Amino acid sequence: MKNIRVITIICAYLRTPLSNLWKTVVFCCILTFLFHASFHGSTVLAGERTVIVIQSQPIAAYGEAIKGFEEACKRNNISLAKIYDLKGDIDEGKRVIKNIKDNKLRPDLILAVGVLAATLAKDQFTDIPIIFCMVINHERFNLEGANMTGISSEASIEDQFGVLKTLLGAGKNVGVIYDPKETGSIISEAVPIAGKSGFDLIKTEVTSGDEVASALKNMVDKIDALWIVPDSTVVTKGLLETILNPALKHRLPVFCTSSAIVKAGALVSISPDYRQTGIQAAQLAQTLLNSPTVISLGVRQPDKLKVTLNTQTAGIIRVDTSPLQSRPDVVLYP
């Protein structure tokens, strides 16, 4: 209909004699504007989809994921309307949620980055597709729902033991300290996987951080490597030295899923590439936005991993890291 109106206006104008140059100029301007508005403008607006991002707090890893998401959204004609920062504060989160709900421009999709953003979005928005990412050990937080899609923030157990096998070979005892309430399901899943990779998993349960030091002391002479899982009872800022210092002293390779722990002294981590996680989230967003009847795609494994090696630690514990250094996804630290 808009195109017909444009043609009608043009035909009416053409029936009027063009008596001077000024009228010709005006005619050309009108013609250019009407065609631009009718054809170009309507096409762009019709295909545009709007999303918002909610991040739990302003940390570098979240920023990398959001940057990747934003770049991929631009390529896919998805408009990133706003990035909300909860600043790690639940009260700020409530204010942000109210702000989003009060806004008349309803988003077509929400990207929630981090656990606070993910849990708040899940509780407050049940009719908008939500994609969460950068949530460590996401199983603990019941992020399931008809409108929930996620990207795991841990490398698969197979990938983790595959890297360890490349580095150390098979036939090793691998120790792990864990709280059954926190990571019991991960350890249960890991036992047969470790066995298939040629490792024997030596497990020690704890129920509080106070038990970690003695648990490590009791197993340190029985293991060839130590596996740190994302367990909030065991892995705290205060306990990292309690774990890493004895491991270095006994020349134990420590592997994990956090490059931050590698920078603190662990040997190797296998973790998602954060920027690629954002790109993957944008790809999932495009799938959801192009399929209105689909509002959840489940939880996906990360598309791309990176291996971070602490070369200083490798020198101290005398581990040859050359089998891994030829991989294209390896980052050397420091």
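**Legends: pockets and cavities in a predicted model**

**View 1. The second largest pocket and its lining.** Seventeen residues line the second largest pocket, and those nearest its centre are Glu139, Glu154, Ala155, Ile157 and Glu189. This is a predicted model, in which local features need pLDDT of at least 70 and side-chain atom pairs count only at pLDDT 80 or more, while totals for chains, interfaces and linings use all residues. Residues are numbered from 1 along each chain as its sequence is written, and side-chain values use heavy atoms, with hydrogens and water left out. A pocket here is an open set of points on a 1 Å grid over the protein atoms alone, with protein on both sides within 12 Å along at least five of seven lines; a lining residue has an atom within 4 Å of a point. The space in this second largest pocket comes to about 250 Å³, a volume being the space filled by probe spheres set on the points, which are joined across faces, edges and corners. Helix H6 (157–168) and helix H7 (180–196) each give at least two residues to its lining. Helices (H or I, at least four residues) and strands (E, at least two) are DSSP runs, numbered from the N terminus. Six of the lining residues are nonpolar, seven polar and four charged; nonpolar covers Ala, Val, Leu, Ile, Met, Phe, Trp, Tyr, Cys and Pro, charged covers Asp, Glu, Lys and Arg, and the others, Gly among them, are polar.

**View 2. The largest pocket.** Here the space is about 1000 Å³. Closest to the centre of this pocket, among 38 lining residues, are Ile59, Ile136, Ser258, Ala260 and Tyr274. Two or more lining residues come from each of helix H3 (60–75), helix H5 (115–124), helix H9 (237–249), helix H10 (259–264) and strand S12 (305–310). Sorted by class, the lining holds 21 nonpolar, ten polar and seven charged residues.

**View 3. The largest cavity.** The whole structure has two cavities of 30 Å³ or more, and the largest has a volume of about 50 Å³. Its lining is made up of Ile177, Leu226, Trp227, Ile228, Val229, Val234 and Ile243. By class, that makes seven nonpolar residues, with no polar and no charged ones.

**View 4. The protein around these spaces.** Of its 334 residues, 46% count as buried, meaning under 20% relative accessible area (1.4 Å probe, protein chains only).

Methods
On a 1 Å grid over the protein atoms alone, a cavity is a set of points where a 1.4 Å probe fits but cannot get out, and a pocket is an open set with protein on both sides within 12 Å along at least five of seven lines; lining residues have an atom within 4 Å of a point. Buried means under 20% relative accessible area, exposed over 50%, partly exposed in between (1.4 Å probe, protein chains only).
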